[in-house]
Amino acid sequence: MAELTYPEVGRTRHGALPGGYHHLRHRYPLPAGSFDTAAEAVLSWRLHRAAGVRMRTTAARATEGVLVTAGLGVGPARIWGPCQVIWSEESPTRAGFGYGSLTGHPERGEEAFVVGREDDGAVWFEVRAFSLPARWFTRAGGPAVRAVQHTYVWWLGRTLRRLCVSR
C-alpha cells in the first residue's frame, strides 16, 4: 500500500497552508443557486472527468479513505498521480474534499476542491493546494510546472461554471 508523501495531512481543510511548499489558492464565483449542482459535481468526480481528467477511483464519491489516481495528458504522455482522500465535507453551505499525494505522484502535497454558499446566496468554488516536486520531471520543469498547475485550476473553475449553467 502506498503512503502519503508529506507530514502536514489535512492542512487544506482550514487555516494557513504549511510553510516550505509552493501554495496555490484560487476562488471562482459560480452562478447563483448552483450550490447543489456544483457540490455534487465535485464530490462525484464529475467535475474532474468533465475537465478531461481520467479518474480511477475506489468509490463513486469522494469520502475519507477513497483511493484515486488522476491522469492528466494524452495517450502515452498521460501522467498519473495516485492520491488518497484525507477529508471530505458535505453540509448545506460547504461541500468538498482534500486529497493527499501517495508514493508515485509527481508532486508531494495536498489539494482541496470546495464549493461554498454564503449567507447572501453567493456560490463559489475554491481550490487550495500546497506541493513540492516529487519526481525528476517535475523538478526539471520548475516554473513551467507551476504554470501548468495554475492553468489546470483555472480550467476546473471554468468547467464547473459550465456544468452549473447547463444543469
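Which side chain makes a polar contact with the side chain of Glu 89?

**View 1. Glu 89 and its surroundings in the predicted model.** The partner is Arg 94, at 3.0 Å side chain to side chain; a polar contact is a pair of N or O atoms within 3.5 Å, one able to donate a hydrogen and the other to accept it, and residues adjacent in sequence count only if both atoms are side-chain atoms. Glu 89 belongs to strand S4 (strands, E, at least two residues, and helices, H or I, at least four, are DSSP runs numbered from the N terminus). Its relative accessibility is 18%, so Glu 89 counts as buried (under 20% relative accessible area, 1.4 Å probe, protein chains only). Leaving out residues up to four places away in sequence, Glu 89 touches Arg 13, His 14, Leu 43, Arg 94, Ala 95 and Gly 96 (heavy atoms within 4.5 Å).

**View 2. The largest nonpolar core.** This core has 35 residues, and Phe 97, Val 115, Phe 125 and Leu 160 have the most contacts inside it (a core is a set of buried Ala, Val, Leu, Ile, Met, Phe, Trp, Tyr and Cys residues joined through side-chain atoms within 4.5 Å). Elements that each supply at least two of its residues include helix H1 (35-43) and helix H4 (143-165).

**View 3. Strands S3 and S4.** The two strands pair antiparallel over six bridges (pairing needs at least two DSSP bridges). Leu 67 stands opposite Gln 84. Six residues lie between the strands of this hairpin, where Gly 73 has a positive phi near 115°.

Residues are numbered from 1 along each chain as its sequence is written, and side-chain values use heavy atoms, without hydrogens and water. The model is predicted: local features need pLDDT of at least 70, side-chain atom pairs count only at pLDDT 80 or more, and totals for chains, interfaces and linings use all residues.

Note on methods: Buried < 20%, exposed > 50% of the residue type's maximum accessible area, 1.4 Å probe, protein only.
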